[in-house]
Amino acid sequence: MTTTYDPGYVTVDMIRQWMMDNDPSDNSIDCDLAFTDEQIINAMQGAARSYNSLTPVGVDIVNANAMPSDTNLFINFTVASLLNSSLQKLSRNDMQWMTGGVTVDVVAKRIAHYRLLRDEARQMAREEAVARKSEINRQAAWASI
């Protein structure tokens, strides 16, 4: 899947390209796409809720079907949401075991890596979101009468 143009709002294909999840060969561990379209759409809805719940609440409300793509703000919120869902799944199935005197805990390393990526994406999104909403709020306060 490729996006040849930017329609002005975040799309499933944009998220796939951002995460390099547009071809099963991109995921050598899973040998499949990491996320379904439905999971990405759900994450986009979570991204819109995350943005809308930040203060100032009620300023610049967005809809998951029309999140602006003029910055990486909503892409980062969506990626954070996807990684968070992956963390939930991995955490449920995390188990350490010992074989031949060697302790093996492969999932824990993945969890730590995903947590780092999620936290970075979330932090970037939140910082930009607060700045964006604050600026919109300031402009509204200084609007011409």
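Axes are lines fitted to C-alpha atoms, for helices over the stretch in contact, and angles run from 0 to 180 degrees between N-to-C directions. The structure described here is a predicted model, in which local features need pLDDT of at least 70 and side-chain atom pairs count only at pLDDT 80 or more, while totals for chains, interfaces and linings use all residues. Residues are numbered from 1 along each chain as its sequence is written, and side-chain values use heavy atoms, with hydrogens and water left out.

**Overall architecture**

The chain contains four helices and two strands (DSSP runs numbered from the N terminus: helices are H or I of at least four residues, strands E of at least two). Along the sequence these elements follow the pattern α-α-α-β-β-α. Of the 145 residues in the chain, 31% are buried (buried means under 20% relative accessible area, exposed over 50%, and partly exposed in between, with a 1.4 Å probe and protein chains only). Among contacts with a separation of 6 or more, 59% join residues 24 or more positions apart (contact means heavy atoms within 4.5 Å).

Two packed helices are described by the angle between their axes and the distance between the axes.

| Helix pair | Axis approach | Crossing angle |
|---|---|---|
| α1 (residues 12-19) and α2 (residues 37-53) | within 10 Å | roughly 100° |
| α1 and α3 | within 10 Å | roughly 70° |

The crossing of roughly 100° makes α1 roughly perpendicular to α2 (angles under 35 degrees count as roughly parallel, over 145 as roughly antiparallel, 65 to 115 as roughly perpendicular and the rest as oblique). Helix α1 contributes V12, I15 and R16 to this contact, and α2 contributes D37, I40, I41 and M44. By class, the contact of α1 with α2 has five nonpolar, no polar and two charged residues (Ala, Val, Leu, Ile, Met, Phe, Trp, Tyr, Cys and Pro count as nonpolar, Asp, Glu, Lys and Arg as charged, and the others, Gly among them, as polar).

The crossing of roughly 70° likewise makes α1 roughly perpendicular to α3. Here I15, W18 and M19 of α1 meet I75, N76, T78, V79, L82 and L83 of α3. The contact of α1 with α3 has seven nonpolar, two polar and no charged residues.

**The second largest pocket**

The second largest pocket holds about 150 Å³ of space. On a 1 Å grid over the protein atoms alone, a pocket is an open set of points with protein on both sides within 12 Å along at least five of seven lines, and lining residues have an atom within 4 Å of a point. Grid points are joined across faces, edges and corners, and a volume is the space filled by probe spheres set on the points.

The lining consists of G46, A47, S50, S53, L54, F77, A80, S81, N84, R122 and R126. Helices α2, α3 (73-92) and α4 (106-141) each give two or more residues to this lining. Its classes are four nonpolar, five polar and two charged residues.

**Individual residues**

R118 lies in helix α4 and is buried, with a relative accessible area of 12%. Beyond residues up to four places away in sequence, R118 touches A80, L83, N84 and L87.

V104, in strand β2 (residues 102-104), counts as buried at 19% relative accessibility. Its contacts, not counting residues up to four places away in sequence, are M95, Q96, W97 and T99.

P56 is located in the loop between α2 and α3. P56 and V130 are 74 residues apart in sequence and 8.0 Å apart in space, C-alpha to C-alpha. Leaving aside neighbours within four places in sequence, P56 is in contact with K133, S134 and N137.

Terms used: 1 Å grid on protein atoms, 1.4 Å probe; cavity = no way out; pocket = protein on both sides within 12 Å on 5 of 7 lines; lining within 4 Å.
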